[in-house]
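Here is my note on this model, point by point. Please read it with the structure open.

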Amino acid sequence: MWQVPIETSENYINFVKQCLTDDALFSNFKSNPHYNSIVGMSAPWQSPHFYMGIKQNPVVMDKFKDLIKNDIYGGTPNMGQVDSYFVSPNTLRHIYTVCDIIKHFGNLDNKKISELGVGYGATAYMVKTMSPTTDYYLIDLPEVKEFATKYLNHFDLEVNSSEPPDAVDIFISEFCLSEFDDKTINEFYTKYIQNADGVYLMMNLHDEVRKQNFIQMMNYDFNLEILPEYPVTHWPNYIIVGKK
Ligand SMILES: C[S@@+](CC[C@H](N)C(=O)[O-])C[C@H]1O[C@@H](n2cnc3c(N)ncnc32)[C@H](O)[C@@H]1O
């Protein structure tokens with residue numbers, strides 16, 4: 001079960017549904033509080049840190065101008081400058097994520113990738129822009145998958161809304177699992193995570209007992225690295241990288 005307060009989740013889902021038919025609303029969704037109270041937009045102080053990390057990857061920097069086009073749609077808040085680029089912290093966050101995924105798993109060309117809790121499809125945007133040959137599967141509520149597909153279609157990027165194959169090369173999930181009770185986390189684990197070759201999780205599961213239980217469960221199936229969030233925030237967030 002999704003454990004977000006009922007009013008917040010209802011406002012979010014109703015807003016997402018409205019955006020599927022109301023293009024004026026959709027064109028400004030990133031700035032709407034019903035939306036960004038669920039799908040956070042990152043803070044301006046984070047931008048220089050993400051950018052410093054991104055600059056370590058020359059292959060990503062070669063595509064930087066295409067990657068920051070993520071900001072041209074959706075009424076992006078918090079736009080600011082890094083070097084000569086005008087870009088939002090949220091876009092920089094997702095570019096940084098793709099750098100980190102490439103650092104751990106290598107080139108993403110032709111990989112089968114699934115993502116749980118896709119938001120508006122920002123990580124999918126980054127992965128597909130870096131490596132158009134990836135086969136990318138969205139896992140989310142039906143209306144959210146439709147919403148992210150509508151967003152990505154603006155950029156002529158194609159993703160799959162069908163169920164992912166039993167085994168993918170990389171399973172991704174960012175700021176999502178902690179929002180579910182243990183029963184649902186275990187169901188997601190068995191269905192989507194356990195059979196993946198590689199796993200990249202940005203975790204905000206902070207309860208120490210639940211965190212250790214989850215890590216123990218993953219330890220049976222993967223070699224794990226538990227890494228600090230970058231840049232460190234006031235939350236004890238962490239990254240789990242799992243390899244078979
Ligand atoms: C906090 S947002 C994170 C979005 C994105 N990963 C990010 O980091 O910006 C949580 C995501 O979980 C999704 N979600 C909610 N219920 C879900 C469910 N039953 N199955 C899959 N995803 C769900 C929401 O629609 C949303 O995309």
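1. Start with a proline. Pro-231 sits in the loop between β7 and β8. The peptide bond from Tyr-230 to Pro-231 is cis, with omega near -15°. Most peptide bonds are trans. Helices here are DSSP runs of H or I with at least four residues, strands are runs of E with at least two, and both are numbered from the N terminus.

2. Two notes on the basis. This is a predicted model, in which local features need pLDDT of at least 70 and side-chain atom pairs count only at pLDDT 80 or more, while totals for chains, interfaces and linings use all residues. Residues are numbered from 1 along each chain as its sequence is written, and side-chain values use heavy atoms, with hydrogens and water left out.

3. Is Thr-233 buried or exposed? Thr-233 counts as buried because its relative accessible area is 17%. The cut-offs are under 20% for buried, over 50% for exposed, and partly exposed in between, using a 1.4 Å probe and protein chains only.

4. His-49 and Tyr-230 are 181 residues apart along the chain, yet their C-alpha atoms are separated by 7.8 Å. His-49 belongs to helix α4 (residues 47-54). His-49 is partly exposed, because its relative accessibility is 30%.

5. Thr-8 gives a contrasting pair. Thr-8 and Ile-54 are 46 residues apart in sequence and 33 Å apart in space, C-alpha to C-alpha. Thr-8 is in helix α1 (residues 6-21). At a relative accessible area of 25%, Thr-8 is partly exposed.

6. Now the ligand. How many residues surround the ligand? There are 18, and the closest are Tyr-12, Arg-93, Gly-117, Gly-119 and Asp-140. A residue is counted if one of its heavy atoms lies within 4 Å. The shell holds twelve nonpolar, two polar and four charged residues. In this scheme Ala, Val, Leu, Ile, Met, Phe, Trp, Tyr, Cys and Pro are nonpolar, Asp, Glu, Lys and Arg are charged, and the others, Gly among them, are polar.

7. Check the polar distances. A ligand oxygen atom lies 2.6 Å from an N or O atom in the side chain of Arg-93. For the side chain of Tyr-12, the distance from a ligand oxygen atom to an N or O atom is 2.8 Å. A ligand nitrogen atom is 2.7 Å from a polar backbone atom of Gly-117. Taken alone, the ligand exposes 600 Å², and the protein buries 91% of that. Areas come from the Shrake-Rupley method with a 1.4 Å probe.

8. Last, two backbone angles to inspect. Most residues other than glycine have a negative phi. Asn-110 has a positive phi, near 65°. Asn-110 is in the loop between α7 (89-105) and β3 (112-116), and counts as exposed at 60% relative accessibility. Asp-156 has a positive phi of about 60°. Asp-156 lies between α9 (142-153) and β5 (170-174), in a loop. Asp-156 is exposed, with a relative accessible area of 71%.

Technical notes
A polar contact is a pair of N or O atoms within 3.5 Å; within protein, one must be able to donate a hydrogen and the other to accept it, and residues adjacent in sequence count only if both atoms are side-chain atoms.
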